[in-house]
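Try each task before you read its solution.

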Amino acid sequence: MSIFVDEHTRVVYQGLTGGQGSFYGPLNRDYGTQVVGGTNPKKAGTDVAGIPVFATVADAIAATGATASCIFIPAPGVRGAVIEAAEAGIEFIACITEGVPAHDEAWFYNLLRRDFPNTRLLGPNCPGIISPGKCNIGITAGHIAKEGGPVGIVSRSGTLTYQALYELKQKDIGVTTCVGIGGDPVPGTSFIDCLRAFEADPETLAVMMIGEIGGSAEEEAAAFMKEHMTKPVVAYVAGVTAPPGKKMGHAGAIVSGGKGTAEAKIAALREAGAQIGLNPTEAGELMAAVVAKL
Amino acid sequence: MDLFEYQGKLLFARYGIPVSAGAAVTTVEQAVEAADSLGYPVVVKAQVQVGGRGKAGGIKLAADTTEARTHAEAILGMDIKGHTVEVLWIEKASDIAEEYYASFTLDRAAKLHLGMLSAQGGVEIEQVAEENPDAISRIHVDPVDGLSEERCREWVEAAHLDPKATEGAVEVLLNLYRAYTEGDADLVEINPLILTPEGRVHALDAKVSLDDNAVFRHPDYAEYDATQVRDTRERFAHERGLQYVGLEGSVGVIANGAGLAMSTVDIVNQVGGAAANFLDIGGGANAEVMTGALEVITSDANVRSIFINIFGGITKGEEVANGIVQALERVQIGAPIVIRLDGTNADEGRKILEPHLSDKLQMRPTMLEAARRAVELAK
């Protein structure tokens with residue numbers, strides 16, 4: 001099994017006709033994802049590499065039965081795009097777009113929580129989600145992941161996620177689902193959401209978690225893990241040597257006022273029973289050892 | 001992006017928050033002229049983005065023209081914790097009855113806005129939080145609902161300010177919340193927020209940090225951006241659209257993706273070296289981007305070796321390799337380079353690089369081995 005998305009997930013691409021959308025939409029379809037349509041109010045009735053374009057998400061749902069959406073709309077339009085998808089009844093929204101203002105993220109996070117509790121938002125500023133062999137939504141190169149299981153991956157960083165998928169594949173270890181939650185201050189889906197789903201998924205037997213400096217998401221995940229996780233977790237946290245007060249690329253990756261340090265996160269995760277890799281390779285080796293003992 | 005005090009105050013004034021009349025100046029003559037026209041006494045304040053400028057002698061009261069000149073001469077050009085004072089803010093001095101603290105920021109754990117108000121202002125709020133946490137009155141604001149006057153009033157009452165300050169504080173805080181949300185700030189902070197003997201509530205300082213991601217709806221950000229203090233390397237990188245953070249070490253780091261770049265800096269330090277920078281070139285890794293990255297790295301005199309760490313996802317190994325080869329033809333590089341190329345079509349990429357390998361351009365198969373080699377070469 002997998003979490004959040006699988007071979008039945010039918011996806012509409014908001015911003016399919018743009019540079020990123022027209023590249024990744026067809027690529028995701030070629031991977032095997034059910035890419036059923038795209039949206040652009042000005043180009044309804046046309047298509048992108050055979051994928052039909054609709055004026056709105058509601059139109060796309062009516063015509064195709066789409067249940068998920070993937071947003072490639074530029075940052076100024078993301079606020080509207082998220083709400084459009086939720087109002088149309090989309091259950092799973094993956095927002096790939098980076099550079100979304102934090103106030104917009106906080107606003108639509110809380111609006112979804114209040115008015116659309118059944119809609120899950122992933123991102124913004126994330127690589128997307130892949131259930132290898134079944135469904136790939138976003139910008140992950142599908143071939144670097146081995147399908148099957150028993151490992152689930154959840155990560156705040158895009159490239160480190162690819163690194164993890166690739167290292168596991170080279171060790172012949174499969175992945176049920178790999179979720180990139182993104183590095184922004186208000187991610188729609190948290191580590192805890194993913195840990196809970198992996199814990200409930202019978203085919204996921206171990207979890208790899210990749211965190212980074214900034215905020216307290218890793219500490220919250222550690223607290224959850226301690227109470228609710230029975231499956232083994234291997235974790236890696238990037239930014240051990242990051243200087244305070246400097247944003248390290250991601251809008252959320254900053255150590256400020258002595259908070260959000262990698263040391264504190266590593267200590268909390270270790271205390272919660274996770275095994276800690278000090279670099280991505282070591283995390284991969286630890287996971288291989290865990291899988292060998294399953 | 002952090003604003004200078006004077007920029008923060010001008011922003012506050014636009015949202016109806018009372019601030020002292022004042023002027024931002026860059027020369028002694030302008031300072032004296034501004035002070036004369038404001039009327040004495042005035043305060044001469046160094047504009048630097050670092051705490052503790054008062055203790056460093058960067059804030060002085062002037063009773064007349066002579067004192068205004070003396071202080072302006074002393075403070076302009078002064079070095080405060082590595083920041084050179086280039087701008088002064090001259091403002092009319094205020095009488096202070098009470099000093100409070102007020103701020104709004106995003107509480108990432110609660111995913112709500114957080115307002116903090118304290119009757120103990122004028123000191124570091126972290127210190128108050130640690131020694132006397134009950135002295136800070138907190139309020140969570142849902143961005144969908146906003147901050148109502150009623151809730152704001154309850155919040156102010158819970159902070160136990162002087163009752164004379166209640167009305168003024170409610171008005172200031174409602175306007176501060178507007179400045180925070182409409183201005184797309186990561187942080188707005190007033191410390192101290194003062195109560196004058198006449199009962200007026202007034203912002204005596206302004207700390208504002210804006211969200212760089214919101215620049216598209218704030219044309220005025222460009223003006224703030226132009227006054228940002230960046231070290232030469234960071235300015236150079238910023239002009240090339242690269243995500244760069246200058247560090248102290250001798251191993252230049254280039255990686256694709258923020259997480260991988262951070263991880264690369266870590267691993268260089270773990271094997272006994274020290275990274276000279278964090279540099280994320282993003283997903284593309286073509287010749288243009290790689291050239292810009294190498295130009296930025298080589299502009300740093302401390303760099304003794306360069307570690308290029310690329311993981312190909314959608315971008316194929318051969319595209320990355322070709323980008324590196326072309327960039328090397330364009331940029332003169334003294335320091336030796338160690339490359340680790342992995343991911344999609346890594347073998348094809350490595351084949352392209354092989355004929356170019358030398359003492360100056362080396363390749364290692366893993367991140368760890370490449371980091372070790374780069375650190376050796378930097379010694």
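**Exercise 1. Locate B:Asn345 and decide whether it is buried or partly exposed.**

Step 1: B:Asn345 sits in the loop that links strand 17 (337-343) to helix 12 (346-353) of chain B. Helices (H or I, at least four residues) and strands (E, at least two) are DSSP runs, numbered from the N terminus.

Step 2: Its phi is near 50°, a positive value in a residue other than glycine.

Step 3: Count neighbours, with C-beta atoms placed from the backbone: a residue is buried if 20 or more other C-beta atoms lie within 10 Å of its own, exposed if 12 or fewer, and partly exposed in between. B:Asn345 has 17 C-beta neighbours inside 10 Å, so B:Asn345 is partly exposed.

A word on conventions before you go on. The model is predicted, so local features need pLDDT of at least 70 and side-chain atom pairs count only at pLDDT 80 or more, while totals for chains, interfaces and linings use all residues. Residues are numbered from 1 along each chain as its sequence is written, and chains are lettered from A and ligands numbered from 1 in the order in which they are written.

**Exercise 2. How do helix 5 of chain A and helix 9 of chain B cross?**

Step 1: The axes of helix 5 (residues 158-170) of chain A and helix 9 (residues 258-270) of chain B come within 5 Å and cross at roughly 80°.

Step 2: Angles of 65 to 115 degrees count as roughly perpendicular, so helix 5 of chain A is roughly perpendicular to helix 9 of chain B.

Step 3: List the partners, where contact means C-beta atoms, placed from the backbone, within 7 Å. A:Gly158, A:Thr159, A:Leu160 and A:Gln163 in helix 5 of chain A meet B:Gly259, B:Leu260 and B:Ser263 in helix 9 of chain B.

Step 4: Sort them by class: Ala, Val, Leu, Ile, Met, Phe, Trp, Tyr, Cys and Pro count as nonpolar, Asp, Glu, Lys and Arg as charged, and the others, Gly among them, as polar. This helix contact has two nonpolar, five polar and no charged residues.

**Exercise 3. Which element gives the largest share of the side of chain B that touches chain A?**

Step 1: In the contact between the chains, 42 residues of chain B meet 48 residues of chain A.

Step 2: Two or more residues on that side of chain B come from each of strand 13 (243-246), helix 9, strand 15 (277-280) and helix 13 (367-378) of chain B.

Step 3: Helix 9 of chain B gives the largest share, eleven residues.

Step 4: By class, the side of chain B that touches chain A has 19 nonpolar, 14 polar and nine charged residues.

Notes: Axes fitted to C-alpha atoms, helices over the stretch in contact; angles between N-to-C directions. Parallel < 35°, antiparallel > 145°, perpendicular 65-115°, else oblique. Contact = placed C-beta atoms within 7 Å.
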